[in-house]
Amino acid sequence: MKGKTSSGFEYELDEAALDDYELLEDLCEMDEGNVAKMSSMLNRLIGTEQKERLKEHLRTENGRVPMSKMMIEIEEIFKNAKAGKNS
């Protein structure tokens with residue numbers, strides 16, 4: 001499944017990634033406040049190569065990747081995936 005976020009990041013998502021119990025575990029731990037699971041969750045969802053591309057896409061002039069922007073991108077990827085599965 002291919003998608004694009006509103007910021008212009010293009011990605012490809014393996015639908016099997018959405019049916020991964022360990023992804024669910026990472027998401028649950030994040031929901032409980034363990035934001036350290038974000039990296040693992042992203043690796044499971046879009047893979048390490050695309051995660052690195054996403055970080056570069058979001059990187060600011062000062063070399064940082066804003067957490068707030070990363071969260072927006074992740075939310076959009078999940079929303080796009082849900083919409084793709086329902087269409």
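Reader: What should I know about the model before I start?

Author: It's a predicted model, where local features need pLDDT of at least 70, side-chain atom pairs count only at pLDDT 80 or more, and totals for chains, interfaces and linings use all residues. Residues are numbered from 1 along each chain as its sequence is written, and side-chain values use heavy atoms, with hydrogens and water left out.

Reader: How many helices and strands does the protein chain have?

Author: Helices (H or I, at least four residues) and strands (E, at least two) are DSSP runs, numbered from the N terminus. Here you get three helices and two strands, in the order β-β-α-α-α from the N terminus on.

Reader: And what does the radius of gyration say about the protein chain?

Author: That radius is taken over C-alpha atoms, and the globule rule to set beside it is 2.2 Å times the number of residues to the power 0.38. The protein chain comes out at 13 Å, close to the 12 Å that the rule gives for 87 residues, so it is as compact as a globular protein of that length. Its C-alpha atoms fill a box of roughly 35 × 30 × 20 Å along the principal axes.

Reader: Is L23 buried or exposed?

Author: Go by relative accessible area: buried means under 20%, exposed over 50%, and partly exposed in between (1.4 Å probe, protein chains only). L23, in helix α1 (residues 21-31), has a relative accessible area of 2%, so it is buried. Across the protein chain, 29% of the 87 residues count as buried.

Reader: Which residues is L23 in contact with?

Author: Contact means heavy atoms within 4.5 Å. Leaving aside neighbours within four places in sequence, L23 is in contact with A17, L18, M41, R44 and L45.

Reader: Where is M70, and what is it in contact with?

Author: M70 sits in helix α3 and is buried, at 6% relative accessible area. Beyond its neighbours within four places in sequence, its contacts include M38, L42 and L54.

Reader: What about Q50?

Author: Q50 belongs to helix α2 (residues 38-58) and counts as buried, at 12% relative accessibility. With neighbours within four places set aside, Q50 is in contact with F9, Y11 and E12.

Reader: How many salt bridges are there in the whole structure?

Author: A salt bridge is a side-chain nitrogen of Lys or Arg within 4 Å of a carboxyl oxygen of Asp or Glu. A search finds seven of them. One pairs K37 with D26, the closest N and O atoms being 3.7 Å apart. K37 lies in the loop between α1 and α2 and D26 in helix α1, so the pair ties together parts that are eleven residues apart in sequence. D26 is buried at 3% relative accessibility, whereas K37 is partly exposed at 25%.

Reader: Where do K55 and E52 lie?

Author: Both are in helix α2, three residues apart, about one turn of the helix.

Reader: Which side chain of opposite charge is nearest to E76?

Author: For charges, Lys and Arg count as positive and Asp and Glu as negative, while His and the chain ends are not counted. E76, in helix α3 (residues 67-86), is buried yet has no salt bridge, and the nearest side chain of opposite charge, K79, is 7.9 Å away. Apart from neighbours within four places in sequence, E76 is in contact with T5, S6 and Y11.
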